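Here is a report on one protein chain, written to be read beside its coordinates. Keep the viewer open while reading.

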Amino acid sequence: MVSARTRNWILALLFLGWALGNLDRYVMNYAILSITEDLQLSASSTGLLLSSFFAGYALMQMPGGWLADRFGARKVLIASVVMWSIFTGLTGAAWSMASMILIRFLFGIGEGGFQPASSKIIATIYPVKERSRAMSVMLSSSAIVGLFSPILSVWMIQTMGWRTMFVAIGAIGAIIAFLFWRYIKLPQTDSATNTTGSDQPKSSVAMLFKTPLLWSLLIAYFSIYAVNWGLVTWMPTYLSKVRGLDMISLGWLQTIPGFATLVGIYVSGYVLDKLPKGREKIIGSFSCVVVAVLLYFMFTASSVTMFITYQAIVSLFLSFVIILLPSVVLKNLPAAVAGTGMGIVNTGGQLAGFITPMAIGFIVEAFNGSFDAAFWMLIGFAVICIGALLSLNYEKGELLKQNADSASA
């Protein structure tokens, strides 16, 4: 078994890698304001560009998880960082909408293997009772980046331009890849981390697709991430064009919901490891109710102050559901298929990332610049997530674990 010191060091590196991956994505939401002007994009074209990353990212989720289970999570992790760093740098060289879409699609392919591979590592080296907290620590890097990326993005774009900014971030990725290669070492003797994957029970992988728990999780992932990515990708544009904020004010104000997200992620990881089994889906469903109600209050808010207040509370409750979903996977599936399982359910989340920004772009264009219908769509997704969470059934997951244990015995 991996020592506490070693697994915490590995977790710190995963945190660092996921922070960079999220920075690569988040800066685009601010760079898009300059890119739209340079490439003369319409609202629908902007939505298509924002969605192109998620098309590749979603496409790679299941293959990335399978590759991590079959050939080793460490290899997939390093390959993922190398590939996404290359295409992050190439983003700065894009000369047209078509080239930008292709580059961002391939960037998504590269990043797609990271979360399934890192989730498998966490399932392998951490005991079950500590996995929610470990996952919350890794995913908190997203919230921390979300906290600073508005200010950092605005500063980088204004000082070096969006093209140079992407090249610089790509170079940082090369350093992260080296750190992974040098310091992430998994025990070769541990069957759960077997690098050839020869001991992986094939029947367990086949049974994943017959497990109702995974289909409920996939729907929940899709719906909650539709809300999340809808807000993340379009919020800078909405606040700029509808609420009239300049770039500097926009950057500072978006740190408030970013801080709420960070608090929500850390608290959620701790709470989820303490809750009795089955209770988390009730609290998750209540969180979705709060999100749905406050989304309505957001777009009807009479002032920017109230809008940001509601957005911060939405971010807090979104965080609980976003941490809850991978926790259910890591605690209810055998480690041997944790990568594949995470890849399957996370496909739903990243399909939402592909569909939602593009859909919002078309909706805004169809309604002559109004975002009201887009907010109603996000409210609908929050309601769908309530039903998916309430339908979670852990019995099949337990059966899958028992079958995997029997196959490896």
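## Model and confidence

This is a predicted model. The protein chain has an average pLDDT of 83. A score of at least 70 is reached by 91% of the residues. Helix 14, residues 372-390, has the highest mean pLDDT, at 95. Helix 15, residues 395-408, has the lowest, at 52.

Two stretches call for caution. Over residues 189-201 pLDDT stays under 50, and the model has 26 contacts for them beyond four places in sequence. Residues 404-409 also stay under 50, with four such contacts in the model.

## Overall form

What secondary structure does the protein chain have? It has 15 helices and zero strands. The radius of gyration is 20 Å, close to the 22 Å that the globule rule gives for 409 residues, so the chain is as compact as a globular protein of that length. Along the principal axes, the C-alpha atoms fill a box of roughly 65 × 40 × 35 Å.

Buried residues account for 60% of the 409 residues. Of the contacts between residues at least 6 apart in sequence, 87% join residues at least 24 apart.

## Helix 2 against helix 13

Two packed helices are described by the angle between their axes and the distance between the axes. Helix 2 covers residues 43-71, and helix 13 covers residues 338-366. Their axes come within 7 Å and cross at roughly 175°. Angles over 145 degrees count as roughly antiparallel. Helix 2 and helix 13 are therefore roughly antiparallel to each other. The residues of this contact comprise 16 nonpolar, 13 polar and two charged.

## Buried positions

Which residues does I323 touch beyond its sequence neighbours? I323 sits in helix 12, residues 304-332. Its relative accessibility is 0%, so I323 counts as buried, the cut-off being under 20%. Leaving aside neighbours within four places in sequence, I323 is in contact with S132, S136, L139, I265, S268, G269 and L272.

A177 belongs to helix 6. A177 is buried, because its relative accessible area is 7%. Not counting residues up to four places away, A177 touches I78, V81 and V82. A177 and L77 are 100 residues apart in sequence, yet 8.5 Å apart in space, C-alpha to C-alpha. S285 lies in helix 11, residues 279-299. With a relative accessible area of 5%, S285 is buried too. Beyond four places in sequence, S285 touches I386, L389 and L390.

## Partly exposed positions

K185 is in the loop between helix 6 (131-183) and helix 7 (202-208). Is K185 buried, partly exposed or exposed? K185 is partly exposed, because its relative accessible area is 48%. Residues up to four places away aside, K185 touches I10 and R74. K185 and I10 are 175 residues apart in sequence, and their C-alpha atoms are 8.3 Å apart in space.

W9 is in helix 1, residues 4-39. W9 has 42% relative accessibility, so W9 counts as partly exposed. W9 and L295 are 286 residues apart along the chain, and 38 Å separates their C-alpha atoms.

Most residues other than glycine have a negative phi. What phi does N368 have? N368 has a positive phi of about 55°, although it is not a glycine. N368 lies in the loop between helix 13 and helix 14. N368 is exposed, because its relative accessible area is 76%, and exposed means over 50%.

Technical notes. Residues are numbered from 1 along each chain as its sequence is written. This is a predicted model: local features need pLDDT of at least 70, side-chain atom pairs count only at pLDDT 80 or more; totals for chains, interfaces and linings use all residues. Side-chain values use heavy atoms; hydrogens and water are left out. pLDDT is the predictor's confidence in each residue, from 0 to 100. Helices (H or I, at least four residues) and strands (E, at least two) are DSSP runs, numbered from the N terminus. Contact means heavy atoms within 4.5 Å. Axes are lines fitted to C-alpha atoms, for helices over the stretch in contact, and angles run from 0 to 180 degrees between N-to-C directions. Angles under 35 degrees count as roughly parallel, over 145 as roughly antiparallel, 65 to 115 as roughly perpendicular and the rest as oblique. Ala, Val, Leu, Ile, Met, Phe, Trp, Tyr, Cys and Pro count as nonpolar, Asp, Glu, Lys and Arg as charged, and the others, Gly among them, as polar. The radius of gyration is taken over C-alpha atoms; the globule rule is 2.2 Å times the number of residues to the power 0.38. Buried means under 20% relative accessible area, exposed over 50%, partly exposed in between (1.4 Å probe, protein chains only).
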